[in-house]
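Subject: Structure handover and notes

Dear colleague,

I am passing on the structure we discussed, with notes on what turned up when I went through it. Please read them with the structure open beside you.

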Amino acid sequence: MTDAATLPSRARRLDAEDPLARYRARFIGHDDPAVPAYLDGNSLGRPLAASVQRVQELMVEQWGGRLIRGWDEGWLELPAQLGDELGRTALGAAPGQCLIADSTTVLLYKLIHAALSARPGRHRVVIDRDNFPTDRYVLEGIAAERGLELDWLEVPYDGGADVELVRSVTGDQTALVVLSHVAYRSGHLADMRAITEAVHDTGALVLWDLCHSVGVVPVELDAWEVDLAVGCSYKYLNGGPGAPAWLYVRRGHQQLTQPIQGWLGSEDPFGMGQGYSPAAGIRRFASGTPPIIGMTAIADMVALIGEAGIGAIREKSTALTQFALEATDALLAPHGVVLASPRNPEQRGSHLTIDHPAFRKITARLWERGIIPDYRNPNGLRLGLSPLSTGFEEVYRGVSAIAEELAGD
Ligand SMILES: *Cc1c(COP(=O)(O)O)cnc(C)c1O
């Protein structure tokens, strides 16, 4: 049991000893006195100061100066180029398998259809009950459209999918399993390698959603033989509100076809010909014109992840959630707050969810004070700790403010 009185000095010491502490100053607003604790980096990462310059250069020099020539001078290549960089620094993916495009929702739609068409004759799909709504809704829609049965994985409230659960609902009729690597609510970190292997044993494919893990949890998509993956870029990739998503299609699956047959996924977009013939390689998973301004800021965070190293980022992430957990036990548990995330740091991502019936009400008061976690039904406050922009004292300020609001409630 941590002594509450020692938390502030421990936070100071952890900050002083943190090898990644110097990166905080690169983020806009890191020292804003109006925001004493930003605990929602898992929903919208802070902007990097470098991105202001990059966006300005794009607008003034490239767009303003080069005009339409910009497409031939790099923009058309950017989705695959940035995808390769992301693959290298954060995903364990060799070049030619990642692409920046669309939103996570749209990419789920495209890759679920692509996977199902590759498993004709199998009529069942699997997803967990506590997956993010958009993942469930897209899969439910496609299942209805294609006449498939949905098998729900019932996961523990403070946990998520594991190999035994997955084995219990998959079989020779399973076409596809859709899972999140880190569960958006509980923060549970799934064993991607073991589950992928278990799904492959049944002959099915697996589509992993990495929205809550890309940039904070190291993965080896190639080595773990992952089939398909998607993720967003505005959470721990700090790409900004509505920044486009990314997909991974393993090289051996790049003969798959996706349902949104747009010109930029075709073999010869500027041939403007009749009939759709898909491009070879990862570009066949593109559809329309890539959002160049929207993907510009992602490049800065991908470069920073490369500089800091995804292994060191994971270490700090674990230390942050561990400290937040100790502070929760010491300051919030006496008010009746309970943990709704795994206690074992190896089984969680970079956020904690804590539950209390008063959280919905006090979230508004916290936001007014510039203490910014987020609220998720039914009673959860999520503390999202973005390792490169969050400090230990910041976590302490956040948790102690929550304790003050609960005491005053
Ligand atoms: C954030 C998140 C999304 C968001 O999808 P959008 O299309 O970007 O709105 C989807 N799935 C998961 C698991 C998420 O965490």
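This is a predicted model: local features need pLDDT of at least 70, side-chain atom pairs count only at pLDDT 80 or more; totals for chains, interfaces and linings use all residues.

Residues are numbered from 1 along each chain as its sequence is written, and side-chain values use heavy atoms, with hydrogens and water left out.

Helix packing

Helices (H or I, at least four residues) and strands (E, at least two) are DSSP runs numbered from the N terminus. Axes are lines fitted to C-alpha atoms, for helices over the stretch in contact, with angles running from 0 to 180 degrees between N-to-C directions. Helix 1 (residues 7-17) and helix 12 (residues 392-408) have axes that come within 7 Å and cross at roughly 155 degrees, which makes helix 1 roughly antiparallel to helix 12 (angles under 35 degrees count as roughly parallel, over 145 as roughly antiparallel, 65 to 115 as roughly perpendicular and the rest as oblique). In contact terms (heavy atoms within 4.5 Å), Leu-7, Pro-8, Ala-11, Arg-12, Leu-14 and Asp-15 of helix 1 meet Phe-392, Glu-393 and Tyr-396 of helix 12. By class, this contact has six nonpolar, no polar and three charged residues, where Ala, Val, Leu, Ile, Met, Phe, Trp, Tyr, Cys and Pro count as nonpolar, Asp, Glu, Lys and Arg as charged, and the others, Gly among them, as polar.

Helix 1 also packs with helix 10, at an angle of about 175 degrees and with the axes 11 Å apart, and these two helices are therefore roughly antiparallel to each other. Leu-7, Arg-10, Ala-11 and Leu-14 of helix 1 make the contact with Phe-323, Glu-326, Ala-327, Ala-330 and Leu-331 of helix 10, and the classes there are seven nonpolar, no polar and two charged residues.

In helix 3 the buried residues (under 20% relative accessible area; exposed is over 50%, partly exposed in between, with a 1.4 Å probe and protein chains only) are Pro-79, Leu-82, Gly-83, Leu-86, Gly-87, Thr-89, Ala-90 and Leu-91. Their cover includes strand 2, strand 8 (245-249), helix 8, helix 9 (298-308) and helix 10 (310-332). Just after helix 3, Gly-92 takes a positive phi of about 65 degrees.

On a 1 Å grid over the protein atoms alone, a cavity is a set of points where a 1.4 Å probe fits but cannot get out, and a pocket is an open set with protein on both sides within 12 Å along at least five of seven lines; lining residues have an atom within 4 Å of a point. Grid points are joined across faces, edges and corners, and a volume is the space filled by probe spheres set on the points.

By this rule there is one cavity of 30 Å³ or more. The largest cavity holds about 120 Å³ and is lined by 16 residues, with Asp-128, Gly-160, Ala-161, Ser-180 and Ala-183 nearest its centre.

The largest pocket has a volume of about 340 Å³, and of its 18 lining residues the closest to the centre are Leu-76, Pro-79, Leu-264, Arg-283 and Ala-286. Helix 3 (78-91) and strand 2 (98-101) are the elements that give two or more residues to this lining, which divides into eleven nonpolar, four polar and three charged residues.

Individual residues

Thr-104 lies in helix 4 (residues 104-117) and counts as buried at 10% relative accessibility. Beyond its neighbours within four places in sequence, Thr-104 is in contact with Asp-209, Cys-211, Val-230, Gly-231, Cys-232 and Ala-245.

The peptide bond from Asn-377 to Pro-378 is cis, with omega near 5 degrees, and Pro-378 sits in the loop between strand 12 (374-376) and strand 13 (380-384). Asp-102, although not a glycine, has a positive phi of about 50 degrees; Asp-102 is found in the loop between strand 2 and helix 4 and is partly exposed, with a relative accessible area of 29%. Asn-238 is not a glycine either and has a positive phi of about 50 degrees, but Asn-238 counts as buried at 3% relative accessibility, in the loop between strand 7 (228-231) and strand 8.

Best wishes
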